[in-house]
Amino acid sequence: MSFTVFLGNLPVWVTKDDIKAWLNAENLVYDDVKVIRNPETQESKGFAFIDTPNSEEMNSIIRRFDRAPLEDRLLRANQAQPPRSKGPGQTGSGPVNRTSAPAPPPSAAPRRERGGRKHKRQGQTTAQDAHSAFAEELAKAL
């Protein structure tokens with residue numbers, strides 16, 4: 001059985017070595033780290049996978065990194081889902097067996113606006129401003 005953590009909402013500058021340093025600083029055990037990159041540009045796609053030896057370590061990593069602040073964003077960590085199988089004619093961008101009409105092309109679909117976050121004004125503080133050991137370690141990595 002595989003125990004893999006999906007770590008998302010990463011800034012593009014985050015590397016495999018950065019994630020390994022964060023895990024080591026928190027004494028978390030892992031087998032491997034894979035930052036997913038665009039094959040053409042080699043720029044990070046903003047997410048990574050962390051392989052762990054058992055479910056306890058996987059859950060420890062999820063608890064530590066899920067909703068952890070990094071720059072102006074909150075990281076997302078959860079158990080990775082198995083990859084979708086690619087059937088004939090499938091590109092992996094959707095379910096293999098579609099039972100409904102195909103989605104309209106991206107140009108026809110309305111754009112989703114980012115919502116829910118309010119930008120803080122200079123001088124204001126929020127609960128996210130409280131520094132944790134994790135945030136301090138990230139600051140050192142910069």
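The model is predicted, and the mean pLDDT of the protein chain is 77, with 61% of its residues reaching 70 or more. Four strands form an open sheet, and helix H1 (residues 16–25) packs on that sheet.

**Confidence**
- Among the elements of the protein chain, S1 has the highest mean pLDDT, at 98, whereas helix H3 (residues 133–141) has the lowest, at 57.
- Over residues 94–101 the pLDDT is below 50, and this stretch has five contacts in the model beyond near neighbours in sequence.
- Residues 116–131 also have pLDDT under 50, and the model gives them eight contacts beyond four places in sequence.
- Where pLDDT is low, the predicted coordinates should not be read in detail.

**Sheet and helix**
- The strands of the sheet follow the order S2-S3-S1-S6, with antiparallel pairing.
- Strand S2 (32–37) and strand S6 (76–79) stand at the edges with a single partner strand each, so one side of each is left without a neighbour in the sheet.
- Neighbouring strands of this sheet are turned against each other by 20 degrees on average, direction ignored.
- Strand S1 (residues 4–8) pairs with strand S3 (residues 44–51) over five bridges in the antiparallel sense, and Gly 8 has Phe 47 as its bridge partner in S3.
- Helix H1 touches S1, S2 and S3, and its direction makes about 145 degrees with that of S2.

**Second largest pocket**
- The second largest pocket holds about 250 Å³ of space, and of the 10 residues that line this pocket, Phe 49, Ala 80, Gln 81, Pro 82 and Pro 83 are the closest to its centre.
- The lining of this pocket divides into five nonpolar residues, four polar and one charged.

Conventions
Residues are numbered from 1 along each chain as its sequence is written. This is a predicted model: local features need pLDDT of at least 70, side-chain atom pairs count only at pLDDT 80 or more; totals for chains, interfaces and linings use all residues. Side-chain values use heavy atoms; hydrogens and water are left out. On a 1 Å grid over the protein atoms alone, a cavity is a set of points where a 1.4 Å probe fits but cannot get out, and a pocket is an open set with protein on both sides within 12 Å along at least five of seven lines; lining residues have an atom within 4 Å of a point. Grid points are joined across faces, edges and corners, and a volume is the space filled by probe spheres set on the points. Ala, Val, Leu, Ile, Met, Phe, Trp, Tyr, Cys and Pro count as nonpolar, Asp, Glu, Lys and Arg as charged, and the others, Gly among them, as polar. Two strands pair if DSSP finds at least two bridges between them. Helices (H or I, at least four residues) and strands (E, at least two) are DSSP runs, numbered from the N terminus. Axes are lines fitted to C-alpha atoms, for helices over the stretch in contact, and angles run from 0 to 180 degrees between N-to-C directions. Contact means heavy atoms within 4.5 Å. pLDDT is the predictor's confidence in each residue, from 0 to 100.
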